[in-house]
Amino acid sequence: YGQDDRLLVIVGPCSVHDPKAALDYARRLAKLKDELGEQLLIVMRVYFEKPRTTIGWKGLINDPDIDGSHNIRKGLLLARKTLLGVLKEGLAAATEFLEPTSPQFISDAVSWGAIGARNTESQIHRQLASGLSMPVGFKNATDGSVKAAVNGCFAAAQQHTFFGIDHLGRACAVETLGNPDCHVVLRGSIHGPNYDAESVRQALEDLKVSKASGPSQHGLVIDAAHGNCGKDENREAEVIEEIAERLAHGEQGITGVMMESFLVGGHQKPAPLDQLVYGQSVTDSCVPWERTNELLHTLADAVTARRSAK
């Protein structure tokens with residue numbers, strides 16, 4: 001809402017496939033969170049569910065052993081333990097909510113949620129967001145439509161009643177109070193990036209003339225991954241540097257950034273844990289830890305410079 005001039009930075013693995021590596025990452029990130037806390041509000045990406053364009057590994061909750069056995073009970077327990085481990089390090093956790101049942105088991109340990117580009121127009125996900133007890137970022141649609149995300153914010157801010165389950169797994173009518181803290185995330189599209197100053201200005205203008213109110217009127221979150229970098233971790237780092245330079249020169253309207261980062265850069269094909277490189281993504285490519293460290297310091301310096309310019 002503009003009350004804190006720090007930059008929100010949501011950073012971490014594209015997806016969690018190895019809880020040990022995720023907590024290793026969390027310990028390192030927690031040190032930077034304390035060191036850079038005057039300039040950055042750092043939140044760790046702890047993503048357990050992955051939307052697929054066609055087919056593929058759907059995440060830790062769906063298939064924790066990465067072998068097609070789909071031991072969802074084990075996956076839910078691992079996901080919750082991982083979240084609690086991240087919180088124990090003093091970090092807030094962010095995740096994407098992909099389907100409406102799993103949040104019943106993990107949402108109390110999540111501080112920021114995302115509705116992905118494929119689901120931003122989904123009534124089910126808008127209803128879900130209306131009942132979540134944390135800020136939720138709606139990403140622009142895969143075709144680049146920001147209006148879909150703006151409409152999602154408006155819809156999720158309203159009260160809803162819909163078919164769902166209660167805490168005992170019984171069918172029930174779910175009633176929500178509405179979520180006033182939904183906001184827009186620019187993540188690029190199939191047509192290219194949208195993190196440039198003109199795209200930010202246009203998105204803010206669309207918000208002003210829409211019915212959506214709340215945090216997005218004060219600024220946007222920019223996802224440096226996905227369509228904004230072509231899923232290239234080297235380009236993603238460059239996008240972060242470009243945003244930092246703009247912030248340092250006093251640009252307003254950018255509330256936060258997202259970055260996919262892990263211990264080892266790049267990515268590998270999903271396989272059982274004993275066949276994988278430790279700390280490397282099995283979904284989208286990630287920026288390596290050493291480069292992440294540099295980029296977070298660069299963003300912190302940019303916030304300091306923006307304050308001076310202001």
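Visitor: What makes the pairing of Lys74 with Asp65 a salt bridge?

Guide: The closest N and O atoms of Lys74 and Asp65 are 2.6 Å apart, and a salt bridge is defined as a side-chain nitrogen of Lys or Arg within 4 Å of a carboxyl oxygen of Asp or Glu, so the pair meets the rule. By this rule the count comes to 16 salt bridges. Please keep in mind that this is a predicted model, in which local features need pLDDT of at least 70 and side-chain atom pairs count only at pLDDT 80 or more, while totals for chains, interfaces and linings use all residues. Residues are numbered from 1 along each chain as its sequence is written, and side-chain values use heavy atoms, with hydrogens and water left out.

Visitor: Are Lys74 and Asp65 buried, exposed or partly exposed, and how do you know?

Guide: Lys74 has a relative accessible area of 33% and Asp65 has one of 26%. Buried means under 20% and exposed over 50%, with partly exposed in between (1.4 Å probe, protein chains only), so both residues count as partly exposed.

Visitor: How do you know whether Arg246 and Glu251 are buried or exposed?

Guide: Arg246 has a relative accessible area of 16% and Glu251 has one of 17%, so each falls under the limit for buried. These two residues form a salt bridge with each other, their closest N and O atoms being 2.8 Å apart. Elsewhere, salt bridges that share partners join Arg235, Glu238 and Glu242 into one network.

Visitor: What is the nearest side chain of opposite charge to Glu236, and how far away is it?

Guide: That side chain belongs to Arg45, 7.2 Å away, where Lys and Arg count as positive and Asp and Glu as negative, with His and the chain ends not counted. Glu236 is buried yet has no salt bridge. Its place is in helix 7 (residues 233-248), and helices (H or I, at least four residues) and strands (E, at least two) are DSSP runs numbered from the N terminus. Leaving aside neighbours within four places in sequence, the residues in contact with Glu236 (heavy atoms within 4.5 Å) include Ala224, Cys229, Met259 and Ser285.

Visitor: Why is helix 5 called largely enclosed by the rest of the structure?

Guide: Helix 5 (residues 146-156) has 11 residues and 8 of them are buried, which is why it is described in this way. Among the buried ones are Val146, Ala149, Gly152 and Cys153. What covers them includes helix 4 (123-130), strand 5 (136-139), strand 6 (160-165), strand 8 (182-186) and helix 6 (197-208).

Visitor: In the loop between strand 2 and helix 2, how do you know whether Gly59 is buried or exposed?

Guide: Gly59 has a relative accessible area of 0%, so it is buried. Not counting residues up to four places away in sequence, Gly59 touches Phe48 and Pro64. Asn62 also lies in the loop between strand 2 (40-45) and helix 2 (72-88), but at 22% relative accessibility Asn62 counts as partly exposed. Leaving aside its neighbours within four places in sequence, Asn62 is in contact with His70, Asn71 and Ile72.
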